[in-house]
Amino acid sequence: MEYAARDLAADPNSYLAYLTIGYTRLFQRRHEDALVAGEKAIALGPSSSDACHIAGMIHGYAGDFRKAAQYEEQAQRLSPLSLNQSKVDEARARFHLGDFVAARDIAFGVLTEKPRWLTAQTVLVAALWNLGSEDEARATVRKMLANHPNLTASRWAQGLPYRHQKDLDALITPLRLAGLPE
């Protein structure tokens, strides 16, 4: 936050400062402040894929999954060279919108390039479970645990700054059911 304040003192229109503020406030679970900062970053940097991605991530954790998906799609159009990070958050938004097929397909696509990415794996497991592919979800959890033997559902959940517990539960419950230890 100190660096964001310095940046804003030098340039009150720095979208990068607002990205920093939004990201920081999100993980402090100050969702309203994060949303305001994310929207300000978009207003000041409308052609920045980073601004779209961070704003999408903020909206997703705040519970506006439709807007999150829209921002992530825009980030991907603006910068096709850095798709994976944006795609993971789009997959999570699609999951919460109930589009489990899209969530599965996007997460699977990311995992073809980055096979050990936990965020993509968790979204994939949750989507697979909700699609009734329970054996495939369990197999994915076994792979996750082979690479990360200390991973637990509660530990993973602690790092996800959801505003609403029901949204966190929607993602974490299938992981538990598929065999991720508590």
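Helices (H or I, at least four residues) and strands (E, at least two) are DSSP runs, numbered from the N terminus. With that in hand, let's start the tour. This is a predicted model, in which local features need pLDDT of at least 70, side-chain atom pairs count only at pLDDT 80 or more, and totals for chains, interfaces and linings use all residues. Residues are numbered from 1 along each chain as its sequence is written, and side-chain values use heavy atoms, with hydrogens and water left out.

**Stop 1: charged pairs**

Select Glu2 and Arg6 in helix α1 (residues 2-10); being 4 residues apart there, they are separated by about one helical turn. Arg6 forms a salt bridge with Glu2, and their closest N and O atoms are 2.3 Å apart. The term salt bridge means a side-chain nitrogen of Lys or Arg within 4 Å of a carboxyl oxygen of Asp or Glu. Side chains of opposite charge can pair when their charged atoms come close. The structure holds 11 salt bridges.

Next, pick Arg30 and Asp33, another salt bridge, with 2.7 Å between the closest N and O atoms. For accessibility, buried means under 20% relative accessible area, exposed over 50%, and partly exposed in between (1.4 Å probe, protein chains only). Asp33 is partly exposed at 34%, and Arg30 is partly exposed at 38%.

Now move to Lys166 and Asp167. Is each one buried or exposed? Asp167 is buried, at 6% relative accessibility, while Lys166 is exposed, at 58%. Their salt bridge has its closest N and O atoms 3.2 Å apart.

To finish this stop, select Glu73, Glu90 and Arg94 together: salt bridges link them in a network.

**Stop 2: Ser49**

Ser49 sits in helix α4 (residues 49-62) and is buried, at 14% relative accessibility. Leaving aside residues up to four places away in sequence, Ser49 touches Ala75, Leu78 and Ser79; contact here means heavy atoms within 4.5 Å.

**Stop 3: aromatic rings**

Rings of Phe, Tyr and Trp (its six-membered ring) pair if their centres lie within 6.5 Å; planes under 30 degrees apart count as stacked, over 60 as edge-to-face and the rest as tilted. By this rule there are 3 aromatic pairs. Tyr23 and Phe27 form a tilted one, 5.0 Å centre to centre with 50 degrees between the planes. Both lie in helix α2 (residues 15-27), 4 residues apart, about one turn of the helix.

Finally, select Tyr61 and Tyr162: their ring centres are 4.9 Å apart and their planes at 80 degrees, so this pair is edge-to-face. Tyr61 lies in helix α4 and Tyr162 in the loop between α10 (153-158) and α11 (165-177), so the pair ties together parts 101 residues apart in sequence. Both Tyr61 and Tyr162 are buried.
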